[in-house]
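This report describes a sheet and the helices around it. The sequence and structure come first, and the text follows.

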Amino acid sequence: MLIAFEGLPGAGKTTQSRLLADHLTRQQVPVNYLPDNLTRTEDTLGSTLLGLFASGDPFSRHGSVVTDTMLATAIRTNTVATHIAPALAAGQTAIEDRGVHTIQSYSLATLLQKHVGHPADGTTWLRTVSAWSGPAADVAVWLRLPADEAIARAVRREGQAYTAEQHAFLRHAHDAYGHLAADDPHLVTVDALGLAPQQVHQAVLRALADHVPVPTSTEHRSLLQ
């Protein structure tokens with residue numbers, strides 16, 4: 001199966017995807033962990049697409065929701081072809097650090113920020129486009145943090161302050177995730193505010209247990225019951 005972790009910078013996607021990979025490995029489940037921007041150094045086409053996608057601002061990109069959405073979709077299409085599809089074909093559980101919902105949330109954030117309209121209209125278009133990138137996750141976990149808290153964590157990690165424009169955009173991205181989660185049963189919400197990484201990990205296991213078969217040790221099984 002394919003499991004994705006979604007959320008703002010600083011929400012803990014990398015930490016939680018690795019904790020889940022470690023947990024499944026201990027249960028003797030074959031796992032293929034797919035870090036964010038996996039193809040940057042491993043694949044010529046992926047590196048080229050990421051080069052086209054990059055701009056001075058990691059969020060506004062080209063300033064065009066159509067261009068940014070198409071490029072993000074192309075990057076994931078390449079990742080699916082080179083890594084995700086082979087992992088699934090080999091019977092592995094693939095864990096994706098950012099997936100289809102990242103494409104949708106960031107593009108919807110641009111629409112919410114720059115265009116007048118109902119979010120549902122943008123969501124319909126985005127889901128149609130992102131479907132070109134291959135299969136969505138069997139379950140995607142949105143690590144929900146208030147935008148300002150997530151940004152504060154990202155700043156501490158990166159050692160670089162975010163601009164006021166980036167703060168505004170990420171608040172829209174947070175709202176976009178909420179719109180997506182409201183009517184997508186494959187996107188489940190785990191509230192991470194005030195929790196240590198291991199506490200979030202336990203919440204992730206509980207959330208996954210409601211949607212996909214996740215092998216558990218005796219200790220974890222008791223926590224899930």
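## Helix α1

At 1.5 Å a residue, the 14 residues of α1 should span 20 Å, and its end C-alpha atoms are 20 Å apart, which agrees. The expected span of a helix is 1.5 Å times one less than its number of residues. Helices (H or I, at least four residues) and strands (E, at least two) are DSSP runs numbered from the N terminus. The model is predicted: local features need pLDDT of at least 70 and side-chain atom pairs count only at pLDDT 80 or more, while totals for chains, interfaces and linings use all residues. Residues are numbered from 1 along each chain as its sequence is written, and side-chain values use heavy atoms, with hydrogens and water left out.

In α1, the buried residues are K13, Q16, S17, L19, L20, A21, H23 and L24. Buried means under 20% relative accessible area, exposed over 50%, and partly exposed in between (1.4 Å probe, protein chains only). After α1 comes Q28, whose phi is positive, near 65°.

## The sheet

An open sheet is formed by 5 strands in the order β2-β3-β1-β4-β5, with parallel pairing. Two strands pair if DSSP finds at least two bridges between them. The edge strands, β2 (31-34) and β5 (187-191), each pair on one side only. From one strand to the next the twist averages 20°. Helix α1 (residues 13-26) packs on this sheet and touches β1, β2, β3 and β4 (139-144); its direction makes about 165° with that of β3. Contact means heavy atoms within 4.5 Å. Axes are lines fitted to C-alpha atoms, for helices over the stretch in contact, and angles run from 0 to 180 degrees between N-to-C directions.

| Strand pair | Sense | Bridges | Bridge partners |
|---|---|---|---|
| β1 and β4 | parallel | 4 | E6 and W142 |

Strand β1 is mostly covered, with 5 of its 5 residues buried. L2, A4 and E6 point one way from β1, and I3 and F5 point the other way. In a regular strand the side chains alternate between the two faces of the sheet.

## E96 in β3

E96 lies in strand β3 and is buried, with a relative accessible area of 5%. A polar contact of 2.9 Å joins the side chains of E96 and R76. Such a contact is a pair of N or O atoms within 3.5 Å; within protein, one must be able to donate a hydrogen and the other to accept it, and residues adjacent in sequence count only if both atoms are side-chain atoms. Not counting residues up to four places away in sequence, E96 touches L2, I3, A4, F5, L34, R76 and I84.

## Helix α6

The 12 residues of helix α6 (residues 147-158) should span 16 Å at 1.5 Å a residue, and its end C-alpha atoms are 16 Å apart, which agrees. In α6, A147, A150, I151 and A154 are buried. They cover an arc of only 100° around the axis, which puts them on the same side of α6. The arc is that of the directions from the helix axis to the C-beta atoms. What covers the buried residues of α6 includes α7 (164-182). Just after α6, G159 has a positive phi of about 70°.
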